[in-house]
Amino acid sequence: MTVTTNTGFDTAAAAPAVGVLELIELDFTSGTLYLTTWPVDVTIGAQTYTGIGAVGSVGEIKESEDGLTQTMQLVLSQVNSSYLALALGNVSTYQGRGARVKLALTDANLVIQGSPVLRFSGFMDKISIKRAGQNVGQITLECSIGGYDVRRTPTGLRMNDTQHQSRQPGELGFTYIASLIAQPQLWLSKRFQTK
């Protein structure tokens, strides 16, 4: 899979001194949370990304050409109380909502070169919280991407009679499909059929 970059990004990548920062955007129902893996806040355009530094990390970003679901983990090791409140809150505030990770490069003077490049775009899935001791913990947010998300469109798994009728009016091949799936019948055994 190829990644589309821009001239500023390409110039920074070819330079001898390059700094890398990851920009994280999480779309919660209360608003978008902007974080960066740098230890200081970073402003790009009109948006300020809160620096989480060494207390946060972005897991391995995997790519697949076959459209299978890929996952990535975002980890916060020293937990801010506002992030903990998001993790302990209702799952509907984050589950199935957008998550993006962008990559930006800097020059030797730590000035961002070019526009950040999108490296991951998916949705937030589940959060797990691990406690390692008193006042020490870790929040892990699993994010997923896939060419086809079954949870969002389960009707796409199989064709029903209504869909079939819209394509083939009058055709009755799918008339009983819902009842066959909902009420499976036992088939007679081979031994019973041969008697």
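A contact here means heavy atoms within 4.5 Å. This is a predicted model, in which local features need pLDDT of at least 70 and side-chain atom pairs count only at pLDDT 80 or more, while totals for chains, interfaces and linings use all residues. Residues are numbered from 1 along each chain as its sequence is written, and side-chain values use heavy atoms, with hydrogens and water left out.

**View 1. Cys143 and its neighbours in the largest nonpolar core.** Let us start with Cys143, which touches Gln70, Thr71, Met72, Leu74, Ala99, Phe120, Phe123, Met124 and Asp125, leaving aside residues up to four places away in sequence. The core itself has 17 residues, and those with the most contacts inside it are Leu26, Met72, Leu74, Met124, Leu141 and Cys143. Two or more residues come from each of strands S1 (19-28), S2 (31-36), S6 (70-76), S7 (98-106), S8 (112-133) and S9 (136-145). A second, separate core has six residues, among them Leu21, Leu23, Trp38 and Val42. A nonpolar core is a set of buried Ala, Val, Leu, Ile, Met, Phe, Trp, Tyr and Cys residues joined through side-chain atoms within 4.5 Å. Buried means under 20% relative accessible area, exposed over 50%, and partly exposed in between (1.4 Å probe, protein chains only). Strands (E, at least two residues) and helices (H or I, at least four) are DSSP runs, numbered from the N terminus.

**View 2. A network of salt bridges links Glu25, Asp27, Arg100 and Lys102.** The structure holds three salt bridges, each defined as a side-chain nitrogen of Lys or Arg within 4 Å of a carboxyl oxygen of Asp or Glu. Arg100 and Glu25 meet at 2.9 Å, N to O. Arg100 lies in strand S7 and Glu25 in strand S1, so this pair ties together parts 75 residues apart in sequence. Glu25 also bridges to Lys102, with the closest N and O atoms 3.3 Å apart; here the two residues, in S1 and S7, are 77 residues apart. Asp27 pairs with Arg100, the closest N and O atoms being 2.9 Å apart. Asp27 belongs to S1 and Arg100 to S7, so the link spans 73 residues in sequence. As for accessibility, Glu25 is buried at 6%, Asp27 is buried at 16%, and Lys102 is partly exposed at 23%.

**View 3. Tyr34 and Tyr49 form an edge-to-face pair.** This is the one aromatic pair in the structure. The ring centres are 5.4 Å apart and the planes stand at 90°, so the pair counts as edge-to-face. For reference, rings of Phe, Tyr and Trp (its six-membered ring) pair if their centres lie within 6.5 Å; planes under 30 degrees apart count as stacked, over 60 as edge-to-face and the rest as tilted. Tyr34 is in strand S2 and Tyr49 in strand S4 (residues 47-51), so parts 15 residues apart in sequence are tied together. Tyr34 is partly exposed at 22% relative accessibility, whereas Tyr49 is buried at 5%.

**View 4. Strand S2 pairs with both S1 and S4.** S1 and S2 run antiparallel over six bridges, and a hairpin joins the two through two residues. Glu25 has Tyr34 as its bridge partner in S2. S2 and S4 pair in the parallel sense over two bridges, with Thr36 opposite Gly51 in S4. Two strands count as paired if DSSP finds at least two bridges between them.

View 5. The predictor's confidence in each residue runs from 0 to 100. Among the elements, S2 has the highest mean (89) and helix H5 (residues 190-194) the lowest (64).
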